Amino acid sequence: MGNPKAFLTIPRQEAGYRPIHDRIADFGEVEQTLNTSERRQQASRCMDCGVPFCHWACPLGNRPPEFQDALYKGKWREAYEILTTTNDFPEFTGRICPALCEKSCVLKLTMDAPVTIREDEGAIAEAAFREGYIVPRTYPRKGKSVAVIGSGPAGLAAANQLNHRGYDVTVFERLEYVGGLLRFGIPNFKLNKAIIDRRVGIMEAEGITFKTNSDIDVTNLPDGFDAYCICTGTPQARDLNIPGRDLKGIHFALEMLAQQNRVLAGQTFSKEERISAKGKRVLVIGGGDTGSDCIGTSNRHGATSVTQIEIMPKPPVGDNPATPWPSWPMVLKTSSSHLEGCERRWSLASNKFIGKDGRVTGVEVEEVEWVPNPEGGRPTMKPTGKKEVIKADLVLLAMGFLKPQQPEFANNVFVAGDAATGASLVVRCIASGRKAAADIDSFLSKK
């Protein structure tokens with residue numbers, strides 16, 4: 001590294017968020033950026049560890065020490081080239097990845113101040129677009145074709161890699177826009193959809209064909225392709241089948257999030273169809289990232305109040321001895337949406353929905369305790385009998401997704417992303433799509 005001791009004198013500096021009063025008035029991206037000089041300073045903090053745990057922890061096998069060194073030296077094009085040898089879409093992961101690399105950074109483990117790897121990654125990608133480093137390229141053709149079913153992160157990565165390998169790629173998307181989870185599951189305040197369109201435009205110019213509004217039955221795949229890659233995600237959300245579930249005003253989280261993204265894209269909905277939190281008491285059931293996205297969206301709608309409940313106990317703040325490295329640190333996560341205003345509660349199970357005139361007015365919840373399982377593994381939930389009613393005019397279910405059951409496919413059909421593993425991270429889906437592309441290439445090359 002150019003400055004192997006920079007971490008001793010330069011503190012970690014995050015770009016931070018736009019002021020709350022400003023950002024909740026729109027759906028623009030909440031995260032700010034550092035200037036070029038500050039960004040290079042942050043890159044200089046990388047210690048070029050002999051064993052780079054950041055590289056080990058990244059599902060894509062990104063090489064942070066190498067692209068951080070190039071960034072520190074002002075070699076932005078080189079940094080981007082290093083980054084894209086392992087990651088097709090650093091402009092996506094630079095915005096929405098939970099940064100497993102940073103959780104493994106030696107500076108995180110020793111002083112809780114990791115290198116700003118995710119932000120640096122996003123800055124490199126944006127510089128590459130801004131400076132014109134990213135231009136469509138042509139690749140020698142092999143005369144074979146592959147159909148990719150689904151255009152989420154796994155499908156896009158598989159399509160990109162297959163196209164680079166010389167295959168004629170057609171991506172089928174059942175919805176009206178390309179992007180899958182990126183398009184419909186992630187709010188614009190975290191990922192502006194122009195970022196997706198920009199990348200898809202490059203992919204189209206390089207020869208990939210996208211067909212939207214194409215609902216493909218995976219048991220009856222279209223003819224004319226040498227291989228297929230199934231990247232249909234996890235379409236089925238986990239439901240909460242308790243009394244009162246049929247009341248109006250209870251929705252899956254993605255119903256609201258996807259509709260809001262469609263509204264921002266210019267689509268219109270009738271008053272009856274529109275899922276709006278304006279002037280309502282909102283209850284979000286589920287404590288993960290999707291629930292956080294519901295909080296941010298509800299606040300932007302103008303909700304009267306927002307409450308988020310989670311059935312699991314509240315995790316500790318900062319450090320958790322029960323999940324030491326290299327385990328994922330189970331600690332309290334406070335997102336930008338949480339900071340915008342909500343009440344968060346833990347160890348609450350939902351017993352029944354309460355309503356009036358066919359509409360939800362509240363949820364009866366009960367405190368639970370989690371006791372160690374004598375056989376090991378997941379603790380056992382124990383109801384306490386302490387019940388109360390949380391008033392709500394809008395209930396959003398954000399409790400995850402069910403792993404899809406795939407049929408038995410022919411040997412030229414490959415499955416990638418959430419369709420193979422169940423709900424996971426965008427970065428893991430990109431890695432899965434890349435692996436599927438490599439497996440398809442190996443399969444077709446042998447043929």
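Analyst: The crossing of helices α3 and α5 is left-handed, a label given when the near helix is turned anticlockwise from the far one by less than a right angle, with clockwise being right-handed. The model is predicted, with local features requiring pLDDT of at least 70 and side-chain atom pairs 80 or more, while totals for chains, interfaces and linings use all residues. Residues are numbered from 1 along each chain as its sequence is written, and side-chain values use heavy atoms, without hydrogens and water.

Helix α3 spans residues 36-44 and helix α5 residues 64-72; their axes come within 8 Å and cross at roughly 140°. Axes are lines fitted to C-alpha atoms, for helices over the stretch in contact, and angles between N-to-C directions run from 0 to 180 degrees. Helix α3 is therefore oblique to α5 (under 35 degrees is roughly parallel, over 145 roughly antiparallel, 65 to 115 roughly perpendicular, the rest oblique). Helices (H or I, at least four residues) and strands (E, at least two) are DSSP runs numbered from the N terminus.

Turning to the strands, five of them form an open sheet in the order β3-β2-β1-β4-β13, with parallel pairing; pairing requires at least two DSSP bridges between two strands. The edges are β3 (209-211) and β13 (413-415), each of which pairs on one side only. On average, neighbouring strands of this sheet are turned by 20° against each other, direction ignored. Thr170 has Thr209 in β3 as its bridge partner.
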